[in-house]
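Visitor: I'd like to learn how to read helix packing and ligand contacts. Can you walk me through a case?

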Amino acid sequence: MENFTFYAPTYFAFGQDTENDTGKYVKRFGGHKVLIHYGGGSVIRSGLMDRVKRSLEAEKLPYIELGGVRPNPRSGLVYEGIELCRKENVDFILAVGGGSTIDSAKAIAAGVPYDGDFWDYYQGKPVDEALSIGTVLTISAAGSEGSPDSVITKEEGMFKRGATGEALRPKFTILNPALTQTLPAYQTACGITDIMAHLYERYLTNTTEVEVTDRMIEALLLTMIHEGPRVIADPDNYQARANIMWAGMMAHNNSCGVGRTQDWTSHDVEHELSALYDCAHGAGLAVVMPAVFTYNMNHDVMRFAQAAVRVWGCQMDFAHPENTAREGIEALRKFLISIGMPKNFAELGAREEDIEKLAHTACYGNGGSGVMGGFVPLHQQDVEAIYRLML
Ligand code: NZQ
Ligand code: ZN
């Protein structure tokens, strides 16, 4: 295990009706004037927004609203939000919705006190200062509710990139699993896929002797394999949704990623797809992960074989561990298809003729160095080969 520091001071309120305490938490964490940020309207249709507003009013907290965040959130609305918050003297950003809304809220929170262009943070500048953020989560997926990260797409060039910094960790997060019961099955499955991807990105490490985090990741993957099909079959299953919701948070607040190198190739390869074709991030990952893992398998066959045996219940082939490794990747692919995820480029709406451009942007776009991947260093021709495996 490598040296690390870990400080993840988000306050979580988990369970039925916890959204009714939102106002109390905004006050506890120092908010005086709130921007409520939300997406395309699901939170209005479900009645959640009314409950959140009532809880702010009960604490006599003034608020303004900015909706319209779309999945794969864009820079245009972030600039608008920054201006609005400055004009209205907002000091607290409350995201009500999914990862896209939370990420847009984080970008606004970072941009308000910053003199330069907020996009600097999405080109590698760490976020050291931001307005306070609180979240009411409505989909288990991105893990942004407990992470110091935000992913935004810049409309000019369609670069989808991440920013990171401890100032972006939400001060509090409301997790009521019942709020996810209104999700379409497809979005639920996209979320499950994303959570599993966050676990695999950490599992694929070059650090040895990381038994504790290996075992934590395996436990969370097993939970997703158990609860995923249950919740797809029965969307109102509160307990299954509860387990998925907490797993989604733990998968990405980095408690399972400390002290080890991490990969993030699948995410970097996927972000080009959701930037260009506007597909759901989780759906993109379902197609990307088996391709990336197949391409990288020979770098550490035993790591893939370990996942196959411990997570997917495969029999270890000691004479030919590569067979076991391959079987584990195939089990993941079949599982993702079984919950309704796409299996190839065509089903995702991606085009073969774009492959060179996708690989070039992934490696060199937005000031990229030409090399990606924390597990295996990959160049443009490798990334092109990975996209071809998805055809
Ligand atoms: O916009 P509304 O109307 O709310 O509808 C959303 C949206 O259409 C809908 N939805 C959410 N909760 C619902 C609901 N519909 C009915 N009932 C509910 N309870 O679901 C759709 C998807 O929402 P979105 O916020 O886009 O989903 P998700 O949480 O998967 O976020 C995806 C974004 O997060 C980024 C992804 O790249 C993508 O842009 N990521 C952010 C990370 C982070 N900040 O740490 C890490 C991740 O790896 C990921 O890259
Ligand atoms: Zn993700």
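Guide: Let's start with handedness: a crossing is left-handed if the near helix is turned anticlockwise from the far one by less than a right angle, and right-handed if clockwise. Here helix 4 passes helix 5 in a right-handed crossing. Helices (H or I, at least four residues) are DSSP runs, numbered from the N terminus. Bear in mind that this is a predicted model, where local features need pLDDT of at least 70, side-chain atom pairs count only at pLDDT 80 or more, and totals for chains, interfaces and linings use all residues. Residues are numbered from 1 along each chain as its sequence is written, chains are lettered from A and ligands numbered from 1 in the order in which they are written, and side-chain values use heavy atoms, with hydrogens and water left out.

Visitor: Which residues make the contact of helix 4 and helix 5?

Guide: Contact means heavy atoms within 4.5 Å. Helix 4 brings Leu 77, Val 78, Gly 81, Ile 82, Cys 85 and Arg 86, and helix 5 brings Ser 104, Ala 107, Ile 108 and Gly 111. Sorted by class, that's six nonpolar, three polar and one charged; Ala, Val, Leu, Ile, Met, Phe, Trp, Tyr, Cys and Pro count as nonpolar, Asp, Glu, Lys and Arg as charged, and the others, Gly among them, as polar.

Visitor: At what angle do helix 6 and helix 7 pack?

Guide: Axes are lines fitted to C-alpha atoms, for helices over the stretch in contact, and angles run from 0 to 180 degrees between N-to-C directions. Helix 6 (residues 185–203) and helix 7 (residues 211–233) pack at about 170 degrees, axes 10 Å apart. So helix 6 is roughly antiparallel to helix 7 (over 145 degrees; under 35 is roughly parallel, 65 to 115 roughly perpendicular, the rest oblique). Their crossing is left-handed, and the contact residues divide into 15 nonpolar, two polar and three charged.

Visitor: And how does helix 6 cross helix 9?

Guide: Their axes come within 9 Å and cross at roughly 135 degrees, which means helix 6 is oblique to helix 9. Asp 194, Ala 197, His 198 and Glu 201 of helix 6 meet Thr 265, Ser 266 and His 267 of helix 9. That contact has one nonpolar, four polar and two charged residues.

Visitor: Which residues come nearest to ligand 1?

Guide: A residue is near a molecule if one of its heavy atoms lies within 4 Å of it. Of the 31 residues around ligand 1, the nearest are Ser 42, Gly 99, Ser 100, Asp 103 and His 198.

Visitor: What about polar atoms around ligand 1?

Guide: A polar side-chain atom of Asp 103 lies 2.7 Å from a ligand nitrogen, and one of Ser 147 lies 3.0 Å from a ligand oxygen.

How values were computed. Helix = DSSP H or I, 4+ residues; strand = E, 2+ residues; numbered from the N terminus. Polar contact = N/O pair within 3.5 Å; in protein donor to acceptor, adjacent residues only side chain to side chain.
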